[in-house]
Amino acid sequence: MSEYTFVEKPFLDQLAALTWQVIDQGQGPPTDPAKSLRTSFRELALKDTFKASVRAINTTADGQPWLTDKQLDELYDELTSQPSPSLVEANEAVQKLLYRTQVDVNELTDEQYPNVKLIGFEHPERNHFLAINQFRIDTPGGVKDFIIPDIVLFVNGIPLVVIECKEANEFTSNPMFEAFQQLLRYSDQREETKLAGLREGEPRLFHTNQLVIRTTGDAAEFGTITSTDEEFFYPWRDIYPQQYRQYKPPLGKERAQEILIQGMLPKETLLDLVRTCTVFMDVGKTRAKIVARYQQYRAVCKIIDRLRTGPAPEDRSGVVWHTQGSGKSLTMVFTIRKIRVCDDLKDYKICLINDRTDLEEQLGVTAELTGEKVTYIKSSDELKTKLATDTSNLNMVMVHKFQEYAERLPDYLESVLEIPVFQSFGLVNPSERILLMIDEAHRTQSGDLGGNLFEAFPNATRFAFTGTPLIVVIDRKTTAERFGQYIDKYKLQDAVDDGATVQILYEGRTASTAVKDKTKFDDKVDLAAERHIKYQLRNAENIETLKRIAAKKNQQFDDLVAERTAEEILALKKKWGTTGDLLEAEKRIEAIAADIVDHYVENILPNGFKAQVVCSSKMAAVHYKTYIDKALAQRLADEQAKPVWTGEGERGDYRDDHLWPRCGRRTSWDDSDVQGHPLHSKTQPAENRQHLRRAGWRRHGPGPP
């Protein structure tokens with residue numbers, strides 16, 4: 001009684017308040033299929049509702065329905081009789097039909113192979129929305145005679161959502177897990193049942209499914225047909241658009257269930273999620289169906305609102321601050337899909353901007369989920385030609401293509417004299433119908449490259465996506481000041497609260513970095529820096545370069561270099577000074593490396609986890625590699641030297657036969673351990689490689705040294 005009273009009935013009442021039609025069959029197994037608009041409990045969709053609804057939303061220009069009864073029967077059969085034995089393949093095929101399907105002819109207009117809408121996404125109010133509880137489906141030959149999902153939601157007679165309700169009481173230790181198991185049973189996806197060669201559900205009910213929901217009232221989460229592990233069920237913690245935040249909870253208090261319903265199941269929201277925020281993608285060897293989470297959908301809606309309401313490019317631009325692992329790439333995909341179905345926005349030329357080759361590959365694969373062809377810009381010349389057009393296409397370009405190398409000086413002179421590293425790139429396209437979606441916008445999109453990007457598209461709308469937006473860039477502006485105000489925020493603690501990110505725990509460990517006679521040390525740095533500056537400013541090549549730069553800036557040469565010595569010395573001190581010198585000191589690194597290894601072996605390795613060391617510089621990384629290897633070898637030798645435990649005495653004084661072999665495996669550092677490391681890069685300058693070799697670093701594994 002209480003499951004119906006506190007979970008199922010409030011769910012139905014809230015749907016009714018959202019103007020869904022509701023058929024409440026009460027409790028207990030139904031005995032009359034007619035109450036659920038069917039002629040048999042074997043029927044999975046509502047055929048009469050389907051035919052009437054689909055006929056009504058497919059009309060000619062003058063409002064006449066044009067689909068024949070025969071065509072409607074064929075559409076129903078195509079939708080409900082998928083040939084594939086795979087649930088995932090059948091579901092993906094049905095999703096494509098929901099987006100686009102055809103019949104042979106429009107007999108009123110003689111149009112050949114016209115498109116048919118099974119759901120009228122453009123006008124949600126024209127569709128038929130119905131919720132039925134206790135939706136019995138007979139399963140002859142199965143473990144049980146029938147299954148009864150608690151609530152099934154239909155759009156135009158098509159079952160799109162299956163909901164399982166459970167009560168949290170003293171007899172059920174984990175009701176959310178029980179609901180999860182029930183959903184697997186209904187879809188016949190429980191591994192133990194498959195292994196036994198049994199059938200206990202009706203997978204065909206889920207061929208058209210777009211969401212599965214489990215709820216106890218106080219807890220509620222959604223997933224898809226590929227959510228065969230609990231970790232792929234997610235809460236919906238916010239209600240957007242804001243118009244749905246004003247409502248009356250059925251039981252007088254707002255719980256997780258009420259938030260999920262208001263957030264996901266308003267008519268236009270559900271259809272929007274199905275149409276623009278649902279994708280199939282390969283995750284490893286698994287085909288996964290993914291629906292936007294609340295922060296992704298909220299960001300998409302806010303971006304669309306800003307595109308429509310911002311009077312100028314700077315008003316439309318802004319920052320999406322979503323923490324690492326929150327699905328920023330998919331948020332971009334959902335945004336693009338949404339833009340392309342909006343008649344007032346679909347003409348935008350969209351450019352995805354990134355700053356790393358591996359990120360471009362990753363983002364490129366994800367971008368293909370938009371359904372559009374992705375044009376990759378391979379050079380600066382291609383950028384200037386292909387992005388100068390008004391074509392409304394999707395482009396992928398690395399920010400490094402926005403560069404023309406300027407005259408080069410030693411790096412500390414460039415920074416002190418504030419001389420651009422790259423020349424002005426120039427105008428590429430002045431149109432306001434250009435949208436730049438900038439990934440990891442806190443990095444190289446600042447400074448000269450960012451300036452060139454802005455100069456190339458001065459009237460473009462810029463959306464910056466980042467998980468760390470607070471970095472101050474070269475012109476002393478934060479990410480928000482450079483790209484526009486925040487559009488949406490989803491911070492690290494939000495991800496932790498949602499269970500999407502594991503909480504980060506910090507343990508403070510210190511190392512002595514004091515330097516004796518620091519004043520004398522600084523004096524020596526000052527003297528060395530001053531001598532080096534004077535030498536560089538006497539260098540004929542540098543003088544000629546500075547004169548050319550001064551001429552371009554309409555400055556006198558003397559003005560450009562006047563009174564810069566103190567600033568240059570300070571720059572050199574930062575480059576050569578105390579802090580950097582200490583952080584690369586080998587004695588200090590050796591002690592820290594030994595402590596890292598001891599802490600890892602005793603606290604992390606027993607749990608099977610890996611570790612990562614972040615260093616202050618490439619040189620420090622080289623030293624850490626050397627001394628961590630040394631410390632691991634020493635720890636391994638110490639462990640191997642311990643006697644075998646006989647069951648007596650303190651266990652820690654004896655060899656751990658389970659631990660030390662695993663410790664030994666950590667001493668080999670092959671190619672797979674250093675991919676992507678700054679010391680292991682195919683694009684690394686030759687002089688840097690030579691410097692590393694002189695420092696004693698060697699590349700292990702196959703390939704050239």
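## A parallel pair of strands

Strand β14 (residues 349-354) runs parallel to strand β19 (residues 434-439), and 5 bridges join them. Strands here are DSSP E runs of at least two residues, and helices are H or I runs of at least four, numbered from the N terminus. Two strands pair if DSSP finds at least two bridges between them. Leu352 has Met437 in β19 as its bridge partner.

This is a predicted model: local features need pLDDT of at least 70, side-chain atom pairs count only at pLDDT 80 or more, and totals for chains, interfaces and linings use all residues. Residues are numbered from 1 along each chain as its sequence is written, and side-chain values use heavy atoms, without hydrogens and water.

## The sheet

The open sheet has 7 strands with parallel pairing. Their order is β15-β16-β14-β19-β20-β13-β21. At the edges are β15 (374-376) and β21 (486-490), each pairing on one side only. Neighbouring strands are turned by 20° on average, direction ignored. Axes are lines fitted to C-alpha atoms, for helices over the stretch in contact; angles run from 0 to 180 degrees between N-to-C directions.

## Helices on the sheet

Helix α9 (residues 294-309) lies across β13 (318-322), β20 (461-466) and β21. Its direction is at about 175° to β21. Helix α11 (residues 328-340) also packs on the sheet, touching β13, β14, β16 (394-398), β19 and β20. Contact means heavy atoms within 4.5 Å. The direction of α11 makes about 165° with that of β19.

## Helix α4

The buried residues of α4 include Leu87, Val94 and Leu98. Buried means under 20% relative accessible area, exposed over 50%, partly exposed in between (1.4 Å probe, protein chains only). The buried residues of α4 pack against α3 (69-80), β2 (101-102), β8 (158-165), β11 (278-283) and β12 (286-291).
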